[in-house]
Amino acid sequence: MEGPVAGFLEYLEVERGASPHTLRNYSIDLVEFTEFLRREGSSPTAADARLVRAYLAWLHQRRLAKSSIARKLASVRSCLRFLARRGVIPQNPARQVRSPRLPRRLPSFLPKDESKDLLDRAVEPSETGRRDHALLELLYATGIRVAECCRLDDDDLDRRRGTVRVVGKGDKERMVPVGDTALAALDSYLVLRRDADGPLFINHRGGRLTPRSVQRIVGRRARLSGIDRRVTPHTLRHTFATHMLGEGADLRLIQELLGHSRLSTTQRYTHVSPEHLMKVYDAAHPRAT
């Protein structure tokens, strides 16, 4: 890709430290938008609000999900905002275009009994078995993103302090407590490794685990634990936040641990879990028991 849009992608990569996954998604969205404008006889530097709305109408005609349309509009809006700030265009025309209204969904998480079934399942004594167990324990103990987990090296762990150094979005670093149970699981895994230096979690070839591999591991362990719904690394992140808040942790502390830049993102987890709801109901209602 060339021209102003390429300049925006370079800005995301160099100045914002966007991940390859993020860059790929932006690139796909903006190539599609640019091609649409070309067919309309226009370009990103000449587009107006009417053309942006026409682009959304075209996406609707293709029967894309509202969430996909909202993401594509967000990509276009970010790019045009960048071009406006750099003086390439006089203003951002996408500011005048409303994003599709999305249904508000509660984050998917595991109740405490299912998370216990997942984590307390018997550990296979092999290196792979201990790795998979340590992986789940760490994801639940810290709430880190799967990409952040895959980037971890052994020296990111501070066993004395019980913390892990996490590099999040935009290459922002934060220190996250780990907990004794997860540390013990990690030590049990690493003691079987010939070389414990370098990546914290490795595959059978000695390379760093990928997010896709971690997703497969989590899904397989969940099925073996008798959980009949889809469980992903992000489910464990949601579970971490929900359980912490359910036990009275401060919302801003959760924001810091999760690496959210905005408190509004963390507020998604302020829903009431079924266990907490029943506990309060039983304690408060005179005829509950």
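1. In this predicted model, the charged end of R39 is placed over the ring of W58, at 5.0 Å from the ring centre. The ring of W58 also has the charged end of R62 over it, 4.7 Å from its centre.

2. Nine aromatic pairs are present in the structure. One of them joins F36 and Y55 in a tilted arrangement, with 5.5 Å from centre to centre and 55° between the planes. F36 belongs to helix 2 (residues 20-39) and Y55 to helix 3 (residues 49-61), so this pair ties together parts that are 19 residues apart in sequence. Both F36 and Y55 are buried.

3. A cluster of aromatic residues also deserves attention: F8, Y11, Y26 and F82 are linked through ring pairs.

4. The largest nonpolar core comprises 43 residues, of which L135, L138, L139, L200, F201 and V214 touch the most other members. Two or more residues each are given to this core by helix 5 (112-119), helix 6 (127-142), helix 7 (146-150), strand 2 (163-167), helix 8 (180-190), helix 9 (211-224), helix 10 (233-246) and helix 11 (251-258). Helix 8 supplies the largest share, namely six residues.

5. A further core of 28 residues lies apart from the largest one; its members include L12, F36, I69 and A94. F36, which forms the tilted pair with Y55, is thus named among the residues of this other core.

6. For L135, the contacts beyond its neighbours within four places in sequence are with C149, F201, L209, V214 and I217. Of these partners, F201 and V214 are listed, as is L135, among the residues that touch the most other members of the largest nonpolar core.

Note on methods: Residues numbered from 1 in each chain as written. Predicted model: local features only at pLDDT ≥ 70, side-chain atom pairs only at ≥ 80, totals over all residues. Heavy atoms only, no water. Phe/Tyr/Trp six-rings, centres within 6.5 Å; stacked < 30°, edge-to-face > 60°. Helix = DSSP H or I, 4+ residues; strand = E, 2+ residues; numbered from the N terminus. Buried < 20%, exposed > 50% of the residue type's maximum accessible area, 1.4 Å probe, protein only. Lys NZ or Arg CZ within 6 Å of the ring centre and 35° of its normal. Core = buried A, V, L, I, M, F, W, Y, C linked by side-chain atoms within 4.5 Å. Contact = heavy atoms within 4.5 Å.
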